[in-house]
Amino acid sequence: MQPVIDNALWDEFHHVVNMTSRELSEWLRIESATPEGEELPDRAGTETGQHVLHVLRKRKADLTADDVELIRYVIDQVHAQRRDDLEPVQGDSAWRHGLMDIGHDPLRAPARPGGETRPPE
């Protein structure tokens, strides 16, 4: 049985995750690179970051119960660490990198419906 995810939760996930799957994939590879080399793309970064990446590449109809749990976790984490409006804000690099590991760049405007970020004003 497929888990039920309403449009509001799906849209909120795509609102707080303001990095594209390509940007997140590149970030995870960069973040996990060492002087000795890089991880394989599907092993780079954190397990949570990889899971976010997989969810970004899925259709809503293909989500699993684990995916829905992750979506709720990511939304909760971003809102716990950010202002409600999610407007761009600078913080220390460890804080920013932790959020980027789950697909949210706090220096970027929130995503609009459809996953696009707002253009700079």
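Tutor: Helices here are DSSP runs of H or I with at least four residues, numbered from the N terminus.

Who touches whom? On the α3 side it's Thr48, His51, Val52 and Val55, and on the α4 side Asp66, Asp67, Leu70, Ile71, Tyr73 and Val74; contact means heavy atoms within 4.5 Å. Sorted by class, the contact has six nonpolar, two polar and two charged residues. Here Ala, Val, Leu, Ile, Met, Phe, Trp, Tyr, Cys and Pro count as nonpolar, Asp, Glu, Lys and Arg as charged, and the others, Gly among them, as polar.

Now look at Ala65, which also lies in α4. Ala65 counts as exposed because its relative accessibility is 53%, and exposed means over 50% with a 1.4 Å probe, protein chains only. The C-alpha atoms of Ala65 and Ile5 are separated by 9.3 Å, though the two are 60 residues apart along the chain.

A word on the background: this is a predicted model, where local features need pLDDT of at least 70, side-chain atom pairs count only at pLDDT 80 or more, and totals for chains, interfaces and linings use all residues. Residues are numbered from 1 along each chain as its sequence is written, and side-chain values use heavy atoms, leaving out hydrogens and water.

Note on methods. Helix = DSSP H or I, 4+ residues; strand = E, 2+ residues; numbered from the N terminus. Buried < 20%, exposed > 50% of the residue type's maximum accessible area, 1.4 Å probe, protein only.
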